[in-house]
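Please open the model in your viewer and keep the selection tool at hand. The tour moves from one set of side chains to the next.

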Amino acid sequence: MRVNVARLKQDLEALGVIGRTPEGGVSRPSWSAADLQARRWLMERITAEGMQARMDAAGNIFGRWQPGGPVVMVGSHIDSVPNGGMFDGALGVLAGLECLRRIKEEGVRLRYPLELVAFTDEEGAFGGFFGSYAFTGALTLGEIQNIRDSKGLRILEAMARHGMDALQAPQARRNPQEIRAYVELHIEQGPVLESRRVPIGVVEAIVGIRRYGITFRGRADHAGTTPMQDRRNALLGAADLILKGHKLVLAEGTPASRVTVGILQLKPAVANIVPAEAYLAYELREQSAGTLWTLAERSRALAAQVASAWGLDVSVETILDIDPVPMAEGVKTAIVAAAGELGCKIHRLPAMAGHDAQVVGRVAKAGMIFVPSKDGRSHSPLESTADEDVERGANVLLLTLLKLAAE
Ligand SMILES: [Zn+2]
């Protein structure tokens, strides 16, 4: 059995038009008008295939036609970053839909039912993973009340505009025992598969993330009258940490270790005043929990060291603390066997970005299949995956689902 790739491409194009930007990208942040349109489109597609479409209290969308359980789940997300690409998330959902459609068409009898899922806000318009957190029972009422978008809009208001009550989202929790496995097909979003000319990536683990908000505090002084040796320049602490953190991760991390400072804010931010305060977002990623912990502790120690060297105070606030999640052996084995049957070479690699599979993977057996991203580009209108790679990935997904549901 193989997927109908023409039909899958049609679906990708149809969904890719929703929220299309002038640059040819896609803007479908969660709970935006485009996201709502995409949700309606997906529910209609599921229904049109003779399956039951359902939205839960967190806005997650499901499709299935067989009763019973535990279920083998397949999916991803259909929201996007602003001006992102048409494959990120959408490929996993629409290839999942195509797999279910083929299996239903062929009338294959399986031991376990299949279920399609599109999770809410994977990309983080409202912090990220709202749907998969709710689905796995990781969302509390207190947290929901504080979730806002970058403009300060509360998710309570955003969902209320669409007739939904965000406080009901914890009801979306599914008993993990009802989930036999979760499989997510996704673009790699990096250059590894393309550069190795391997069509299928088998994800070993999804990296953990530690994100710190670090504030160095010194003293605002006149840029002309204050001698160099008398200054307490907060920016020097930040600059020193950025360079030393970079060297630390190169020297003591693994090839999968990352450190990134993506935000640097100064106060008072006036050209002729010595910066009194420097805030930076310092983010570490790593696939081994032990290495991540070591890098995080060393980074915190570095922040204290450089602060004292420059005569500054420093505070470190943990903003994000996500453990690495290894993918389930049974799911990886099924993916490898499926790729083998199709004659596809595989490469085992960590996922360096966040995915719903890492959230589901904490409570149930989860696995991910990667397909190559052209030039490693993603979260951009330039995001692209070749038709042959879409087809191979979808066929590996199809055989993987058959194996997991038949055993
Ligand atoms: Zn994604």
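Select arginine 174 together with phenylalanine 62, and you will find the arginine over the face of the ring, at 5.1 Å from the ring centre; a charge sits over a ring here if NZ of Lys or CZ of Arg is within 6 Å of the ring centre and within 35 degrees of the ring normal. This is a predicted model, in which local features need pLDDT of at least 70 and side-chain atom pairs count only at pLDDT 80 or more, while totals for chains, interfaces and linings use all residues. Residues are numbered from 1 along each chain as its sequence is written, and side-chain values use heavy atoms, with hydrogens and water left out.

Rings of Phe, Tyr and Trp (its six-membered ring) pair if their centres lie within 6.5 Å, with planes under 30 degrees apart counted as stacked, over 60 as edge-to-face and the rest as tilted. The count by this rule is four aromatic pairs. Phenylalanine 129 and tyrosine 133 form a tilted pair, because their ring centres are 5.7 Å apart and their planes meet at 55 degrees.

Next, select arginine 39, whose charged end sits over the ring of tryptophan 31, 4.3 Å from its centre.

Finally, select cysteine 99, which is buried at 0% relative accessibility (buried means under 20% relative accessible area, exposed over 50%, partly exposed in between, with a 1.4 Å probe and protein chains only). The closest cysteine sulfur, in cysteine 344, is 13 Å from that of cysteine 99, too far for a bond, and the structure holds zero disulfides, a disulfide being a pair of cysteine sulfur atoms within 2.5 Å.
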